[in-house]
Amino acid sequence: MLPLKTLQKVGVILPTGAGKTEVFVDIARQITDADPTAAVLVLSHLSLLTEQTTDRFKLRAPQIQVDIMQRDHKPKWNSQVVISTMQTSRNLR
């Protein structure tokens, strides 16, 4: 497996209960620690999952500025991690 710092794009696919959110948090922490100006986008299938993922980020990595992008809610300009649904990301113009 290549070290994360050598990769430009990272994709993660894991089954239910395998710890995807913990993986997202760790990847985001590595990226933002290496470059505080970097931005990370986490996509999920359901809006309920965006809220759960945001809560987990705030618990596991409170130093990271995290926000949600959905419908009429735009993330703050200084968000290091933006959590959204695939549907919202498809509708961006």
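E22, R56 and R60 are linked in a network of salt bridges, a salt bridge being a side-chain nitrogen of Lys or Arg within 4 Å of a carboxyl oxygen of Asp or Glu. The model is predicted, so local features need pLDDT of at least 70, side-chain atom pairs count only at pLDDT 80 or more, and totals for chains, interfaces and linings use all residues. Residues are numbered from 1 along each chain as its sequence is written, and side-chain values use heavy atoms, with hydrogens and water left out.

**Overall layout**

- The chain has 3 helices and 3 strands; helices (H or I, at least four residues) and strands (E, at least two) are DSSP runs, numbered from the N terminus.
- Along the sequence these elements follow the pattern α-β-α-β-β-α.
- Of the 93 residues in the chain, 31% are buried; buried means under 20% relative accessible area, exposed over 50%, and partly exposed in between, with a 1.4 Å probe and protein chains only.
- Among contacts with a separation of 6 or more, 48% come from residues 24 or more positions apart, where contact means heavy atoms within 4.5 Å.
- The chain exposes about 6,900 Å², and carbon and sulfur atoms supply 56% of that area; accessible areas come from the Shrake-Rupley method with a 1.4 Å probe, and for residues only the protein chains shown count as cover.

**Salt bridges**

- The count comes to 4 salt bridges.
- R60 forms a salt bridge with E22, and their closest N and O atoms are 3.2 Å apart.
- This pair links distant parts of the chain, with R60 in helix 2 and E22 in helix 1, 38 residues apart.
- R60 is partly exposed at a relative accessible area of 46%, and E22 is partly exposed at 32%.
- D26 forms a salt bridge with R29, with 3.6 Å between the closest N and O atoms.
- Both D26 and R29 lie in helix 1, 3 residues apart, which is about one turn of the helix.
- D26 has a relative accessible area of 34% and is partly exposed; R29, at 24%, is also partly exposed.
- K76 and D67 meet through their side chains in a salt bridge of 3.7 Å, N to O.
- K76 counts as exposed because its relative accessibility is 54%, whereas D67 is buried, with a relative accessible area of 8%.

**T32 in helix 1**

- T32 is placed in helix 1, which covers residues 20-34.
- T32 counts as buried because its relative accessibility is 5%.
- A polar atom of the T32 side chain lies 2.8 Å from the backbone oxygen of A28 and a polar atom of that side chain lies 3.4 Å from the backbone oxygen of R29.
- Both are polar contacts, meaning pairs of N or O atoms within 3.5 Å; within protein, one must be able to donate a hydrogen and the other to accept it, and residues adjacent in sequence count only if both atoms are side-chain atoms.
- Leaving aside neighbours within four places in sequence, T32 is in contact with A38, I64 and Q80.

**Nonpolar surface patch**

- L46, L48 and L49 form a nonpolar patch on the surface, with about 260 Å² of accessible area together.
- Patches are made of residues with over 30% relative accessible area and no salt bridge; like charges are joined within 9 Å, and nonpolar side chains (Val, Leu, Ile, Met, Phe, Trp, Tyr) within 5 Å.
- L48 is placed in helix 2, which covers residues 47-60.
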